[in-house]
Amino acid sequence: MDLLKGTLDVLVLKALTWGPRHGYAVARWIEDATTGQLQVEDGALYHALHRLEKQGWVESEWGVSEANRRARYYTLTRAGRRQLAAKTATWTRYAEAVFAALRTA
Amino acid sequence: MADLPHGIRRAFRLALGRPPIEQEVDAEIDFHLEMRAAELVERGMAPEAALAEARRRFGDTHEWGMAMSEVDRERVARSERAEWLSDLRQDLHFGARSALRSPLFTLLAVVTLALGIGANAAVFGVVKSVLLDALPYADADRLVRVYGRFLDGSNDRGPLSAGTVTDIAARQRSFVGTAAFATLPRESILEGDEPRVVQVEWAEPKLFRVLGVKAALGRTLRDDDAVGDTAFTVMVTYAAWQQLLGGDPGVVGGTIDINGITRTVAGVLPRGFVGPGGDADFYYPLDVRLLLRDPISARGSGWLGVVGRLKPGVTVDGARRDVAAIGADLAREYPRDNGSITLSTVPLRDSMVGDTRTPLLVLMASAGLVLLITCANLAGALLSRTISRRKEFAVRMALGAGRGRLVRQLLTESALLAIAGGVAGIALAEGGLAMLRRLASRALPSYAELSLDPGALLFTFVLALCTGIAFGLVPALSARRSNTQATLRDESRSATESRPSRRLRGVLVAAQIALCVSLLAGAGLLIRSLAALTSASLGFNAGGVLSVNVQLPADRYRSLEEQENFFEQLEERLRGLPGVTGVADATALPTAVMQRNGIRVIGAPPPPDNVLPFALYAGVSDDYFRTLGIPLRSGRTFGPQDGPDGPPTIIISESMARRFWPKGDALGAQMRMGPDPNSTPLTVVGIVGDVRNDPTRPDAEPITYAPARQDVRQSRFLLVRTSGDPLALVRPFRGVLTALDPSVPMRDAMALSAFLSDGLTGRRRPVVLMSAFGALALLLASVGVYAMFAAMAAAREREFGIRVALGSTRREIAALVLRQGAVWMLAGLVGGAAGVVVVARLVSGLLYGVRPLDPVALGITLLTVVACALVALLVPVRRATRVDPITTLR
């Protein structure tokens with residue numbers, strides 16, 4: 001399945017709701033959460049992370065990974081949390097509307 | 001940048017390798033690929049295949065890496081901008097607070113700056129409107145004016161004859177077009193309920209095309225307007241339309257009566273238009289071809305000017321050579337009329353700016369000097385303030401403010417002060433310009449509008465900002481050098497000045513003294529020059545003389561007898577007024593004689609190369625010399641025998657007699673005047689004292705006077721001498737004139753002395769302004785000297801206490817302080833001497849009767865500066881000698 005426009009940003013934000021993560025962890029979470037249904041290049045995901053940082057929705061900091069390697073960790077900012085809530089509401093309404101329409105036989 | 005030698009990289013601290021943003025992105029991607037590969041290996045892939053698969057899943061690492069770096073760069077740039085702005089806000093806030101904390105210092109600084117910046121803004125306003133602003137013509141930089149230069153040196157910017165003008169137009173190869181006009185507007189009478197004397201200018205219709213001027217109303221003149229003697233059209237200037245015709249928009253196509261002739265108004269010229277010939281109310285179409293019919297008016301008499309518009313690609317120099325060559329040809333073809341002149345070409349702006357350029361540049365330089373002194377002064381003041389604020393800076397640095405940040409903070413503070421001073425300065429400049437507008441409109445070119453336009457305001461703002469940085473930089477850099485730890489630790493010596501800071505302050509004071517000496521020397525020279533100018537006699541006595549211009553309507557006084565009779569009656573009645581001791585008339589006021597004629601002495605060898613010498617010429621009545629107190633040296637003045645039927649006579653000035661009859665046999669000799677070598681000979685019947693026609697020149701130019709009876713004119717200047725106030729005579733004069741003929745208007749009634757002083761206004765103004773600047777500079781420099789000695793004395797108070805305790809006398813202490821400061825003052829005076837040489841050269845063109853290195857002016861300047869400095873240092877030195885060892889050493 002190809003990704004609808006804007007979906008990746010919401011998923012990335014969602015991936016960070018449980019605390020700081022590096023890019024690889026975000027990628028793994030998205031794969032797990034969508035049961036590998038979504039086809040997206042890892043590069044696109046990183047690009048999204050950097051864009052969200054420029055928007056001020058995430059912050060990044062260099063830290064040390066579980067494997068004792070230097071890694072860049074991303075954290076959701078307050079504004080990012082608000083953005084995620086707003087986008088989640090929009091997406092839910094959208095999906096429900098489309099779903100409802102497709103169900104009418 | 002990649003192939004710079006290593007040494008250069010190190011010298012400029014250029015980063016090696018890629019910038020950090022790209023490095024971080026690479027590291028992040030590497031980390032991801034490793035983690036992904038490790039995951040795949042765990043699931044059973046071979047390591048190499050795993051890495052390849054990880055790369056495949058990532059996509060193009062190079063492309064994505066570039067995209068990520070781009071996003072990061074934008075983010076960093078945006079946050080840097082935000083940080084800079086928030087720093088600036090903080091600096092401004094802090095600066096305003098620190099300015100308010102010491103209100104007296106702030107007030108003084110702002111006032112000082114306002115004076116310095118205001119002086120510059122005002123002078124720049126004038127310079128801009130006169131020298132920089134566009135002339136009221138299209139593409140005015142491509143316009144030039146052609147003059148006749150008299151080879152005898154009497155006139156560099158002389159008029160041209162109709163023949164010369166026509167030949168220039170026909171032979172030139174440099175201009176798109178040329179146009180002729182009368183060099184001087186003529187007085188005429190606009191008839192109506194109340195007749196008015198107006199200025200009428202003759203111009204070829206194509207003048208407006210050459211200048212690129214379009215009518216504001218109606219049309220400009222057309223070539224056919226000038227043809228024949230039937231089409232009487234006229235162009236009205238905006239000012240005349242407003243003031244004389246009531247601004248009536250229906251005026252175009254209507255008629256007005258000037259000098260008894262009805263003319264149709266073709267159009268109204270745009271507001272602000274000034275012709276190259278000077279201010280005029282009306283423009284008549286001129287047909288030069290009509291002038292060519294008569295041999296004398298064709299080549300013999302010159303009263304025309306020529307403007308030309310350069311062809312694209314032709315320079316002023318090119319046109320100058322072209323026109324000069326035509327002039328040389330004409331001198332060969334018409335040796336009688338053109339042999340005595342060459343043709344010179346000058347840019348139109350130069351011709352209209354006239355003599356104001358040098359004084360304006362001198363003033364601009366003076367204002368600049370004042371600003372430099374202001375900067376040095378404030379730098380010194382801020383320096384001591386920085387020293388007393390050293391603790392504050394040390395605390396801020398200890399709390400983490402960088403040195404660069406501190407410098408920025410101080411610069412923001414000084415820029416704030418400067419901008420406040422700039423705003424106040426603009427208010428001052430506006431006031432000053434308003435004053436200049438009232439005082440000096442006569443002395444400036446008439447196209448100049450004195451005002452602070454957006455350009456001048458921008459200049460002032462930039463100036464203020466530069467000033468702030470200039471005087472803030474020195475203390476800011478010295479604050480950077482200070483040692484935080486030592487300052488915080490060592491409390492007792494916090495008032496001591498460091499050696500470099502002391503030296504810096506000395507240099508600043510020396511600079512102020514040097515600039516002040518230069519400026520005052522310039523002012524002193526100009527004052528001396530003005531004094532010489534006004535004290536030397538002009539050769540006549542202007543006190544108590546009323547001068548009035550009276551113009552006869554041409555249609556009512558047609559014959560010369562009628563005209564002569566009218567003036568004789570008028571003068572007879574004026575003599576009857578109470579208090580009147582003398583009445584005379586002349587064709588021109590003394591010091592304002594414009595006409596010059598070629599002179600041929602009968603019996604003397606012809607002039608070399610046929611270069612005719614010129615002399616000033618005026619027609620005067622019998623009582624002219626007695627009324628103005630011009631002494632008769634020998635012979636007689638004019639009388640009834642010099643009538644139109646009597647033998648033609650002439651009276652000459654002493655310098656004229658000396659120059660043309662060096663053997664002293666002028667009286668009774670004969671000469672010819674004018675271009676015609678066969679004109680009627682004139683007999684010299686009298687020699688009178690010299691009159692300096694140009695008051696700004698020390699030597700008197702030769703003058704010839706003809707009897708008014710033999711040179712009858714419709715327009716004359718009446719001169720009435722009274723024992724009382726000449727202006728009290730204006731009303732009786734008008735009464736006499738109205739009783740004689742109410743249709744004859746008078747104008748320009750004024751005391752002759754006021755006329756003379758007006759003529760000197762242009763000379764006086766730069767002197768007054770430069771003196772004011774000099775006084776300001778002196779005040780500022782004195783404050784600077786005071787501040788230096790005060791700080792020096794305060795810094796060494798403890799030391800002086802110890803010295804007094806050990807037995808030093810007050811005299812020794814005073815000598816100690818003086819010696820320290822005297823070095824800098826001496827340095828300042830030496831620097832000033834160098835400045836004086838530069839200033840003297842700059843003003844030398846404005847000096848009259850004074851040598852550029854005039855010992856009196858320079859001596860007084862030096863004494864004034866030294867005296868003021870001594871007064872300024874007296875207080876701090878006295879305080880130093882009064883040091884009480886008990887209080888200072890406690």
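**View 1. Arg21(A) finds its bridge partner, Tyr74(A), in strand 3 of chain A.** Helices (H or I, at least four residues) and strands (E, at least two) are DSSP runs numbered from the N terminus. This is a predicted model, where local features need pLDDT of at least 70, side-chain atom pairs count only at pLDDT 80 or more, and totals for chains, interfaces and linings use all residues. Residues are numbered from 1 along each chain as its sequence is written, and chains are lettered from A and ligands numbered from 1 in the order in which they are written. Back to the strands: strand 1 and strand 3 of chain A run antiparallel and are joined by 2 bridges. Two strands pair if DSSP finds at least two bridges between them.

**View 2. Strand 2 and strand 3 of chain A pair in the antiparallel sense over 7 bridges.** Val58(A) has Leu76(A) of strand 3 as its bridge partner, and Glu59(A) stands opposite Thr75(A) in that strand.

View 3. (Axes are lines fitted to C-alpha atoms, for helices over the stretch in contact; angles run from 0 to 180 degrees between N-to-C directions.)

**View 4. Helix 1 (residues 7-15) of chain A has buried residues that include Leu8(A), Leu11(A) and Val12(A).** Leu13(A) and Ala15(A) also belong to the buried set of this helix. (Buried is 20 or more other C-beta atoms within 10 Å of a residue's own, exposed is 12 or fewer, partly exposed is in between; C-beta atoms are placed from the backbone.) What covers the buried residues of helix 1 of chain A includes strand 1, helix 2, helix 3, strand 3 and helix 4 (78-103) of that chain.

**View 5. Chain A touches chain B, with 16 residues from chain A and 18 residues from chain B taking part.** (In contact means C-beta atoms, placed from the backbone, within 7 Å.) On the chain A side, helix 2 (23-33), helix 3 (42-55) and strand 3 (70-76) each supply at least two residues. Helix 3 of chain A gives the most to that side, with 9 residues. By class, the side of chain A that touches chain B has 4 nonpolar, 4 polar and 8 charged residues. (Ala, Val, Leu, Ile, Met, Phe, Trp, Tyr, Cys and Pro count as nonpolar, Asp, Glu, Lys and Arg as charged, the others, Gly among them, as polar.)

**View 6. Helix 3 of chain A packs with helix 4 (residues 61-101) of chain B at an angle of about 5 degrees.** The axes of the two helices are 9 Å apart, and the angle makes helix 3 of chain A roughly parallel to helix 4 of chain B. (Under 35 degrees is roughly parallel, over 145 roughly antiparallel, 65 to 115 roughly perpendicular, the rest oblique.) Helix 3 of chain A brings residues including Tyr46(A), His47(A), His50(A) and Arg51(A) to meet residues of helix 4 of chain B, among them Trp64(B), Met68(B), Val71(B) and Asp72(B). This helix pair's contact has 5 nonpolar, 4 polar and 6 charged residues.

**View 7. Thr35(A) and Asp139(B) take a positive phi.** Thr35(A) has a phi of about 45 degrees although it is not a glycine. Look for Thr35(A) in the loop between helix 2 and helix 3 of chain A, where Thr35(A) is exposed, with 7 other C-beta atoms within 10 Å. Asp139(B), not a glycine either, has a phi of about 50 degrees. Its loop runs between helix 5 (103-132) and strand 1 (143-150) of chain B, and Asp139(B) is exposed, with 12 other C-beta atoms within 10 Å.

**View 8. The largest nonpolar core has 99 residues.** (Such a core is a set of buried Ala, Val, Leu, Ile, Met, Phe, Trp, Tyr and Cys residues joined through C-beta atoms within 7 Å.) Ile373(B), Ile513(B), Cys516(B) and Ala777(B) have the most contacts inside this core. Leaving aside neighbours within four places in sequence, Ile513(B) is in contact with residues including Ala781(B), Met825(B), Leu829(B) and Val865(B). A second, separate core of 56 residues includes Val236(B), Val265(B), Leu310(B) and Val323(B). For orientation, chain B has 28 helices and 23 strands, and 40% of its 890 residues count as buried.

Conventions. Two residues are in contact if their C-beta atoms, placed from the backbone, lie within 7 Å.
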